[in-house]
Amino acid sequence: MSTFSLAVRDSSTMLRRNLLHARRYPSLTLNLLLTPIMLLLLFVYVFGDTMSAGITGGGPDRSEYIAYLVPGLLLMTIGSTTIGTAVSVSNDMTEGIIARFRTMAIHRPSVLIGHVVGSVLQCVLSVVLVGAVATAIGFRSTDANLIEWIAAFGLLVLFATALTWIAVGMGLISPNAEAASNNAVPLILLPLLSSAFVPLSAMPGWFQPVAEYQPFTPAIETLRGLLLGTEIGHDGWLAVAWCLGLTVLGYFWSTSKFNDDPK
């Protein structure tokens, strides 16, 4: 078999392994998925009227705030789901299975590729579930055409790939699962400090740079523009640049740490 065929075969095997683990032990994924769903219900039904009145400057309109809120929470769902990837990678590194893989005639990067592809598939499924909850409580995207829906899906997959590679690196540098979970907290903290819940213009001036110059805000604004027809401007290019940059950074970081000789 050629090197490429071996890589595809071994990566497929590792992908099946990770999907089987996710199916047998779904509690971690479900717990992480509850965070964006609970925030969605909290901000819609508890703060929805107040937040919509503050953003629009008019009367309370919960449906407008649902439309504003959902794109940010879809990306937050990706960040939350990838925390499970960091924990899974850390478990593999500390429980001895990686040491056994190192002694076998397998394509070494396939171990990481299996984690990444499996995590991206879990992210897509999680986004679909959160989107279904959002639709059930009133979210509608009536302005998006087929091309914009495809672009939105592509952005979600690209963003999931970028955060997954970063999460893999975090898992590789963590001595145990608890440390991996703690190291990956920024992946769910950053969307709380972005334009997911309120516009940048509504934030204090000193805080706006914190929310603006990070990967979540341009991705959220781009997804919001694709689904709701709002202006995207330069946020589209910034979102793609952040995704590609984080993917490259995460890939080289992860492969470098994975290829280090175990101490």
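**Close-up 1. Asn18 in helix H1 of the predicted model.** Asn18 lies in helix H1, residues 3–24 (helices are DSSP runs of H or I with at least four residues, numbered from the N terminus). The model is predicted: local features need pLDDT of at least 70 and side-chain atom pairs count only at pLDDT 80 or more, whereas totals for chains, interfaces and linings use all residues. Residues are numbered from 1 along each chain as its sequence is written, and side-chain values use heavy atoms, with hydrogens and water left out. With a relative accessible area of 7%, Asn18 is buried (under 20% relative accessible area; exposed is over 50% and partly exposed in between, with a 1.4 Å probe and protein chains only). The Asn18 side chain reaches the backbone oxygen of Met14 at 2.8 Å. Beyond neighbours within four places in sequence, Asn18 is in contact with Ser88, Gly114 and His115 (contact means heavy atoms within 4.5 Å).

**Close-up 2. Leu42 in helix H2.** Helix H2, residues 27–45, contains Leu42. Leu42 is partly exposed, its relative accessible area being 34%.

**Close-up 3. The largest nonpolar core.** This core has 65 residues, of which Leu40, Leu69, Leu75, Ile78, Phe159, Phe197 and Leu223 touch the most other members (a nonpolar core is a set of buried Ala, Val, Leu, Ile, Met, Phe, Trp, Tyr and Cys residues joined through side-chain atoms within 4.5 Å). Helix H4 gives the most to this core, with 14 residues. Leaving out residues up to four places away in sequence, Ile78 touches Cys123, Val127, Leu156, Phe159, Ala160 and Leu163.

Technical notes: Helix = DSSP H or I, 4+ residues; strand = E, 2+ residues; numbered from the N terminus. Polar contact = N/O pair within 3.5 Å; in protein donor to acceptor, adjacent residues only side chain to side chain.
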